[in-house]
Amino acid sequence: MKNPTLGVCYYPEHWPEANWSDDAQAMVEAGIVWVRIGEFAWSRIEPQPEAFEWEWLDRAIEVLANAGLKIILGTPTATPPRWMLDRWPDMLACDEQGHPRKFGSRRHYCFSHWGYRQEAARITQLMAQRYGHLSHVSAWQVDNEYSCHDTVLSYSLAAQTGFRLWLKERYGDITTLNEAWGNIFWSMEYDRFDQIELPNQTVTEPNPSHVMDFRRYSSDQVVAFNREQTNILKQYSQSPLVHNYMGRITDFDHYEVGEDLDIASWDSYPLGFLEDRIKQPESVKQEYMRQGDPDFQAFHHDLYRAVGKGRWWVMEQQPGPVNWAPFNPAPLPGMVRLWTFEAMAHGAEMVSYFRWRQLPFAQEQMHSGLHRPDGVPTPALAEVKQVFKELNSIDIGSVVEAPVALVFDYESQWSWQVQPQGYREGEPLDYFDMVFHYYSALRKLGLNVDIISPQTTNLSAYKMVIAPGLVTLSKNLSHALQTYSGVVLCGPRSGSKTDNFHIPDDLPPCWPTLKEAGVTVSWVESLRDGVSIPVEGGGHFCHWIEQLELSTSPKHKSHIAINMRRKDGNAALISVDNVYYLAGWPDSELLQRCLLALCDAADIEYTLLPKGLRIRDTQHMQFLFNYSAQPIEYQQINIEPAGVYWHCKNNNN
Amino acid sequence: MKNPTLGVCYYPEHWPEANWSDDAQAMVEAGIVWVRIGEFAWSRIEPQPEAFEWEWLDRAIEVLANAGLKIILGTPTATPPRWMLDRWPDMLACDEQGHPRKFGSRRHYCFSHWGYRQEAARITQLMAQRYGHLSHVSAWQVDNEYSCHDTVLSYSLAAQTGFRLWLKERYGDITTLNEAWGNIFWSMEYDRFDQIELPNQTVTEPNPSHVMDFRRYSSDQVVAFNREQTNILKQYSQSPLVHNYMGRITDFDHYEVGEDLDIASWDSYPLGFLEDRIKQPESVKQEYMRQGDPDFQAFHHDLYRAVGKGRWWVMEQQPGPVNWAPFNPAPLPGMVRLWTFEAMAHGAEMVSYFRWRQLPFAQEQMHSGLHRPDGVPTPALAEVKQVFKELNSIDIGSVVEAPVALVFDYESQWSWQVQPQGYREGEPLDYFDMVFHYYSALRKLGLNVDIISPQTTNLSAYKMVIAPGLVTLSKNLSHALQTYSGVVLCGPRSGSKTDNFHIPDDLPPCWPTLKEAGVTVSWVESLRDGVSIPVEGGGHFCHWIEQLELSTSPKHKSHIAINMRRKDGNAALISVDNVYYLAGWPDSELLQRCLLALCDAADIEYTLLPKGLRIRDTQHMQFLFNYSAQPIEYQQINIEPAGVYWHCKNNNN
Amino acid sequence: MKNPTLGVCYYPEHWPEANWSDDAQAMVEAGIVWVRIGEFAWSRIEPQPEAFEWEWLDRAIEVLANAGLKIILGTPTATPPRWMLDRWPDMLACDEQGHPRKFGSRRHYCFSHWGYRQEAARITQLMAQRYGHLSHVSAWQVDNEYSCHDTVLSYSLAAQTGFRLWLKERYGDITTLNEAWGNIFWSMEYDRFDQIELPNQTVTEPNPSHVMDFRRYSSDQVVAFNREQTNILKQYSQSPLVHNYMGRITDFDHYEVGEDLDIASWDSYPLGFLEDRIKQPESVKQEYMRQGDPDFQAFHHDLYRAVGKGRWWVMEQQPGPVNWAPFNPAPLPGMVRLWTFEAMAHGAEMVSYFRWRQLPFAQEQMHSGLHRPDGVPTPALAEVKQVFKELNSIDIGSVVEAPVALVFDYESQWSWQVQPQGYREGEPLDYFDMVFHYYSALRKLGLNVDIISPQTTNLSAYKMVIAPGLVTLSKNLSHALQTYSGVVLCGPRSGSKTDNFHIPDDLPPCWPTLKEAGVTVSWVESLRDGVSIPVEGGGHFCHWIEQLELSTSPKHKSHIAINMRRKDGNAALISVDNVYYLAGWPDSELLQRCLLALCDAADIEYTLLPKGLRIRDTQHMQFLFNYSAQPIEYQQINIEPAGVYWHCKNNNN
């Protein structure tokens with residue numbers, strides 16, 4: 001197994017051509033193998049419509065290649081030049097109020113706009129024709145951070161037209177749609193597809209089936225947009241195709257986009273994400289201000305390993321303070337190294353830093369890089385060099401077989417958003433939050449986790465499958481579960497909606513084993529912040545509880561066990577053979593109790609880790625990461641703040 | 001006196017026709033007498049313009065009638081079908097930014113749109129012609145929940161045109177309007193009525209007189225819209241006309257709409273309202289999470305008894321968790337019964353539950369009913385049956401004569417909104433909040449209260465009249481007060497504006513007795529949260545205080561008493577003969593002190609009730625309601641949580 | 001030195017002509033010398049286009065003049081009449097969503113609209129021609145409160161057109177602009193000026209250089225608008241020209257507008273500002289609820305002394321409760337007097353009260369005056385009369401030479417807004433807050449402070465110059481600093497951007513002495529609320545810290561001193577000769593420690609004042625102001641709440 005490699009993001013168009021060669025040389029000296037270029041350079045490649053200036057890019061590729069670097073070439077479709085709007089004035093996405101989201105930054109296009117999709121295909125074709133045969137163009141990045149800045153949902157005319165065609169394709173005739181959506185309610189029935197508008201700005205909430213289809217339609221446009229490019233690139237290049245996903249972006253189905261890629265990658269900004277995208281108490285945010293959440297990166301590593309079908313990269317790794325979060329502190333010394341090794345321990349084939357040198361102008365001028373704008377290296381560069389050196393002395397090894405699979409499903413994310421039914425600290429109850437809560441609890445037990453797609457067909461590798469909040473169960477997963485003999489944990493809201501977003505005729509949970517055994521969710525309740533429902537033995541439910549009705553018929557009774565009860569007597573955790581249902585949103589204590597019980601049932605070894613410590617195994621190595629700002633002693637090992645410790649599992653474990 | 005009856009809301013169009021008969025039979029067995037249907041069924045009655053399908057509704061009415069049920073038939077004007085927009089594309093209401101509020105839910109019409117008003121009259125006429133003669137159509141509901149989802153104030157072109165005509169009608173010529181509004185200020189004078197725009201999106205706050213007239217205009221459109229339907233229905237049917245008002249909806253004058261109805265009704269969702277519409281501390285919201293606020297339902301019961309001129313119903317009673325509040329818990333066992341008896345003790349002739357069976361699709365799929373979507377009864381049904389059984393063993397009796405009248409005035413609500421002058425927990429000071437604060441304090445003294453209209457002409461039935469925050473006094477009420485000898489309490493802001501929203505020439509309070517005696521409000525102050533002004537003897541003012549100037553002339557002096565003083569020496573509560581003025585917004589302690597003093601003055605008996613207990617009398621019965629989650633002992637009576645206790649007043653009291 | 005005089009704002013058009021003479025007489029009796037009129041009277045001067053009614057104004061001026069009053073005549077351009085919109089329907093400003101900000105209040109014009117600018121010039125010309133020669137028209141006020149209600153930034157078509165022309169003027173060709181803005185980033189390059197839109201509604205944040213130029217453009221329009229009027233007025237009148245600025249308004253450059261005026265003035269509403277515009281803890285807001293912030297007024301006094309090049313007034317002084325703040329309490333007795341003397345001690349030549357009599361209608365009907373709407377004097381009038389009387393017995397004296405200059409710069413305000421990089425209690429980090437934090441700390445040391453423009457060319461009068469957060473250093477100030485030998489304090493963000501909003505090539509701080517000595521800001525960090533970085537010896541940084549790199553070359557080393565260190569060892573306060581750099585946002589303790597150290601270095605005497613006490617000297621007098629609600633004893637002097645104490649410096653100090 002080859003060790004992972006390092007990379008960097010570079011913008012030759014931002015720097016004098018005279019410096020390119022020195023920069024390339026310095027990259028190689030720092031141990032960098034991959035260099036990503038080109039993804040925002042359209043206005044320099046095609047400064048006027050159909051008038052091209054390829055030569056500078058030819059030379060940049062040549063200089064970098066000559067230094068021995070492998071090039072990741074980006075298609076520049078995330079930043080169409082200003083003249084594109086003269087051609088297609090209606091290509092902009094529109095916000096929920098219908099206002100166009102104007103030129104002047106990036107991602108200023110609506111995925112539904114056919115004119116822009118032709119333009120994106122055209123520039124991709126031209127780049128592929130010109131560079132596809134070059135051996136040093138060793139990978140292609142398609143577009144950049146789909147959905148960043150909330151750019152998937154667009155309320156434009158193009159989206160309205162596209163949505164109507166998509167609905168016609170899906171339902172065939174309007175009567176079928178009316179029935180599927182239940183439009184008889186409130187006399188919402190349509191006579192023709194061209195009467196259907198986008199589900200924004202309705203008087204009160206729109207039909208959830210209407211919204212859910214719009215979410216699916218919108219995701220499909222991203223998949224199609226991406227596929228139009230990958231189909232072209234595959235004609236001209238043998239190099240792997242990559243997209244760089246962004247952290248906690250859920251408005252399109254990453255697995256589906258991943259189907260058309262060879263490698264998944266993501267952009268990892270631990271400090272920015274902690275401030276911007278994670279629900280944690282103030283005290284936790286303060287504690288991890290310079291380290292990032294101890295589980296957020298690992299979650300995405302494991303997610304994109306699934307999206308990339310095993311092959312994945314970190315395309316952009318935060319090297320210092322960024323510019324875009326509400327608060328932008330610097331990482332603790334050592335964190336850049338820690339983040340890098342953590343990615344590698346989770347199977348990253350490559351970790352690439354954003355960016356080689358901080359740019360002194362425009363939007364990201366306060367975003368640090370491996371060098372300051374004056375060319376002086378930042379502390380991150382020394383950490384990169386250290387990682388490069390250390391990589392010579394260890395063999396990180398291939399991905400371990402995890403005992404636990406955790407399902408993450410984009411459709412369930414949309415379902416919870418469409419119908420949250422409750423709030424938490426002023427925001428709608430969120431599926432990502434729930435899954436991440438489980439992920440974090442599993443990691444605190446020292447477990448290796450695989451995140452799996454809801455379309456997974458084979459679960460036999462796992463001792464335990466965990467699927468919290470999975471609103472709709474795919475045929476594939478349902479089939480796989482029917483023959484699975486390991487421990488399964490589901491609930492709440494599991495199998496609670498049909499594909500049309502109806503409550504199933506025989507009520508939830510529509511879940512193998514449970515339904516047959518006569519388990520029914522009688523009703524659900526959302527709870528205000530501050531209210532919690534105690535469970536016998538310790539821990540509470542919060543935010544969400546469900547009332548379970550358990551069949552008392554003789555044929556069912558012997559199968560059903562009530563494993564935990566609420567103090568009010570109601571069932572909290574039940575099981576039917578190997579399948580467990582947790583009837584609510586557990587707090588940390590209850591969740592840990594459940595997971596410990598299930599680990600015992602599944603014969604999974606675990607260890608209660610000290611606060612801030614995380615473990616990840618590869619096939620033959622074990623890595624310990626100290627995410628806290630204090631030294632940790634664990635099993636006679638002392639690990640400094642931001643420290644990484646590794647050992648060979650056969651010897652030490 | 002006949003006992004009240006029970007009802008239910010039912011949607012035959014949602015269920016297979018084969019089930020109607022069984023449903024009807026089950027209703028009757030549950031003790032249900034009334035069934036409301038049809039109010040959202042327009043797209044099934046008239047699926048294409050002028051093409052009708054009445055037959056299914058004919059059959060539904062027949063099946064229900066044959067089972068012995070009385071039918072409340074709704075006009076379907078709250079949900080015009082989608083094709084209506086092909087006819088009248090500009091019929092939608094517009095929000096404050098001028099964006100149309102689109103099709104896709106309900107109430108998607110602007111009250112000012114003449115085209116839609118013709119359509120509403122047309123369908124009403126057709127329904128009245130077809131069903132008005134049927135004896136089993138025992139009541140008509142006009143439209144559904146006027147103003148729900150903030151649908152009275154519309155900033156559409158239709159509203160602008162209508163407003164200009166209304167102003168022309170009101171003022172005659174533009175000079176009169178300019179003077180009435182004081183448009184000389186800031187050079188806001190108009191030359192022509194057609195220069196006047198709606199008071200949205202002005203640079204800074206618009207003229208309050210301008211806004212006040214727009215509020216009146218908007219309310220008048222609801223009254224006119226409703227009257228257009230009631231005028232038609234009265235031509236074809238002898239059955240009573242009803243509208244179902246919604247809790248804490250104040251954007252139109254309910255009394256005025258009530259003038260055209262035979263029975264007022266309202267939709268009572270105690271748990272949804274607690275989360276969504278009531279300002280209470282977090283701890284109170286947690287304490288009453290499964291019971292609702294102990295006074296909010298009673299307030300509306302007493303309000304709609306006034307609106308209905310004595311005749312009123314609960315048209316929709318919450319039976320379990322709903323879907324639309326931020327948090328949606330289930331009621332404590334027994335609460336559905338408690339809410340029902342409480343309504344009846346306040347004089348409801350009928351209590352109807354929403355809905356017979358939970359619908360598994362569309363917007364309200366998470367709104368529970370008396371049955372689950374799979375047809376299994378919910379706990380609420382057993383409580384309904386218990387109520388039905390108990391109604392056989394008691395005679396609830398007719399409405400008691402209350403000793404206290406509390407004025408609630410929609411124009412004052414608008415006045416406070418137009419000019420709040422202060423905030424409370426981030427929201428403008430609110431008239432409803434103040435009146436409800438008084439109502440709640442009166443109820444904690446065990447008092448029966450009548451809410452009365454500001455147009456009331458006869459007060460002689462009451463020992464005490466309370467009118468907090470009444471900004472403008474009607475001629476009727478002013479006249480009634482002049483001859484009234486009971487105790488009157490008013491203030492703050494009482495009589496502080498003319499009809500044109502000017503400060504009166506001789507300053508507030510423009511109030512009988514007070515003004516003549518030389519009482520003047522010199523200035524008012526709003527106070528930030530956390531600041532309170534102590535009053536000698538206990539309690540504080542918060543939010544609002546007034547500086548009173550008391551005439552020292554000999555002819556006035558002997559009439560004026562300073563009943564309470566602020567600790568800074570200023571008058572807090574004063575009286576002139578029987579008329580009291582409280583110069584601020586009292587906290588609970590001060591309010592109770594004032595009310596106790598006034599009860600003594602008015603010779604009203606009261607009792608300090610334990611927390612969570614409420615009392616309501618009928619002519620011969622007394623009902624005790626335990627709104628708390630703990631048992632309460634009161635006068636040797638033990639009442640369990642959610643418990644109702646009653647006794648005959650002559651025997652036990 | 002003549003003592004300052006008193007004035008009042010009066011609206012003859014609001015009151016019966018019969019009363020004018022009595023009002024004028026009463027003004028004179030109260031000691032009032034100046035009366036401001038006319039600034040909102042356009043609809044009465046020109047009720048129809050080109051049809052004038054000057055006569056009432058002629059008579060009003062005559063009546064007031066005959067009483068001996070000096071008249072400040074306002075141009076009425078802040079309130080164009082409604083018919084103006086019939087002429088120029090597109091003259092309205094647009095908000096950030098592009099919605100026109102409609103007629104119905106005031107300031108309903110876009111500064112970029114050439115049509116309206118012609119109209120404003122036309123009415124100014126006519127007024128100047130008619131009244132410019134009158135000796136009793138003793139001053140002119142141009143427009144009213146520029147920028148109030150957020151009216152400088154407009155996203156209208158007029159603004160877009162104007163901005164493009166302004167950019168063409170500034171940059172000459174589009175390539176220069178693309179380079180200046182760094183538009184190569186994200187392919188944002190333009191081909192033509194007419195492709196550039198306003199920087200609103202972009203997908204994510206727009207280019208900060210783009211925004212910064214729009215801020216400059218917008219400020220320039222105010223300057224030009226004002227200049228168009230002053231140029232006209234100067235042709236017809238010898239009287240001084242004034243504008244009344246509003247508190248904490250920063251969207252245009254007040255110094256530049258001031259260049260065209262003879263006298264600066266501002267509108268001082270201490271209680272309104274405390275609630276509306278000052279970031280202070282809840283406890284402080286409660287403590288000063290009836291007094292206002294102890295430093296906010298003084299800050300503006302000192303600011304407008306600079307803007308007016310020594311000559312300044314208070315044009316509108318709050319006399320009682322106002323109507324426009326979230327909370328509107330009454331001042332503590334004595335505060336109107338205190339505010340007046342405080343202004344005079346800071347050099348105000350005139351203090352004018354808003355308004356003579358409270359108006360009983362329209363938007364400001366709840367705004368108190370020197371009389372109630374019924375004509376009865378308010379408590380403020382007695383305080384005004386007392387001031388008038390006291391002015392006879394003291395000689396306030398001319399402005400003292402302050403030892404400390406504090407730079408306040410509008411461009412830096414925009415720079416921080418364009419790129420805050422961090423938040424504080426949910427709002428972007430703000431330059432005004434930082435400068436005011438310093439101002440307040442200086443005042444707590446009993447110091448007299450001059451606020452100076454960033455274009456100041458001569459600093460020799462000062463012992464110390466303080467310039468926190470000054471993002472860009474003007475050539476003038478840079479030049480002045482190079483020869484300045486007093487103590488200088490700067491940082492953080494000092495000299496951190498070029499004029500084009502780039503990071504300087506050799507990194508910040510671009511500041512005389514520091515850069516040459518090899519001081520470099522390596523990186524900056526913003527910190528979340530609740531996180532603070534302790535400094536050795538006491539105090540903390542919060543919100544913002546900077547990492548300093550100090551040259552270790554022999555030629556620099558001996559010049560650089562590290563005066564304070566963070567507890568983590570990093571430099572906190574450094575100095576190179578007389579220039580100090582504070583590397584972060586200090587809390588109050590750290591700030592005071594720094595200032596004490598610098599005062600010692602600069603040989604400035606200070607005194608630690610008791611809480612709520614403030615001192616201000618004139619040439620020969622010292623004034624003590626007790627802003628607290630408790631009596632204060634200071635140096636054997638007892639000062640009651642809201643009390644003012646003065647003594648002759650030569651005798652008592």
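Reply: Start with a term. Buried means under 20% relative accessible area, exposed means over 50%, and partly exposed lies in between, with a 1.4 Å probe and protein chains only. The model is predicted: local features need pLDDT of at least 70, side-chain atom pairs count only at pLDDT 80 or more, and totals for chains, interfaces and linings use all residues. Residues are numbered from 1 along each chain as its sequence is written, chains are lettered from A and ligands numbered from 1 in the order in which they are written, and side-chain values use heavy atoms, with hydrogens and water left out.

Now to the backbone. Most residues other than glycine have a negative phi, and most peptide bonds are trans. B:H543 has a phi near 70°. B:H543 sits in strand 17 of chain B, residues 540-550. Helices (H or I, at least four residues) and strands (E, at least two) are DSSP runs, numbered from the N terminus. B:H543 is buried, because its relative accessibility is 11%. B:K309 has a phi near 50°. B:K309 belongs to the loop from helix 12 (296-307) to strand 7 (312-317) of chain B. With 46% relative accessibility, B:K309 is partly exposed.

Chain C brings cis peptide bonds. One joins C:G491 and C:P492, with omega about -15°. Another joins C:P508 and C:P509, with omega about -5°. C:P492 lies in the loop between strand 14 (487-490) and strand 15 of chain C. C:P509 is also in the loop between strand 14 and strand 15.

Follow strand 15 of chain C onward. C:L527 lies in the loop between strand 15 (519-526) and strand 16 (532-534). How many residues along the chain separate C:L527 and C:G491? They are 36 residues apart, and their C-alpha atoms are separated by 17 Å. C:L527 has a relative accessible area of 0%, so it is buried. What surrounds C:L527? Contact means heavy atoms within 4.5 Å. Leaving aside neighbours within four places in sequence, the contacts of C:L527 in chain A are A:M289, A:R290 and A:F327. Its contacts in chain C include C:Y423, C:I533, C:H543 and C:W544.

Next, how the chains relate. A rotation of 120° with 0.0 Å of shift along its axis superposes chain A on chain C, with RMSD 0.0 Å. That is the relation of a three-fold axis. The copies are superposed by least squares on the C-alpha atoms of residues with pLDDT of at least 70 in both. Which residue of chain A comes closest to the rotation axis? A:Q97 does, at 5.5 Å (C-alpha). The copies use different surfaces: 2% of the contact residues of chain A recur in chain C.

Strands come next. Strands of a sheet pair through backbone hydrogen bonds, either parallel or antiparallel. Two strands pair if DSSP finds at least two bridges between them. In chain B, strand 9 (residues 404-407) pairs with strand 13 (residues 464-467) in the parallel sense over 3 bridges. B:L406 stands opposite B:I466 there. Strand 9 of chain B also pairs with strand 12 (residues 449-452) in the parallel sense, over 4 bridges. B:A405 has B:D450 as its bridge partner in strand 12. In a regular strand the side chains alternate between the two faces of the sheet. In strand 9, B:V404 and B:L406 point one way, B:A405 and B:V407 the other, and all are buried.

In chain C, 3 strands form an open sheet in the order 22-23-26, with antiparallel pairing. Its edge strands are strand 22 (613-617) and strand 26 (644-648), each pairing on one side only. Strand 22 and strand 23 (residues 621-626) of chain C pair over 5 bridges in the antiparallel sense. C:L613 has C:N626 in strand 23 as its bridge partner.

Finally, a helix pair in chain B. Helix 6 (residues 157-171) meets helix 7 (residues 174-181) through B:F163, B:L167 and B:Y171 on one side and B:T176, B:L177, B:A180 and B:W181 on the other. Counting Ala, Val, Leu, Ile, Met, Phe, Trp, Tyr, Cys and Pro as nonpolar, Asp, Glu, Lys and Arg as charged, and the others, Gly among them, as polar, these residues divide into 6 nonpolar, 1 polar and no charged.
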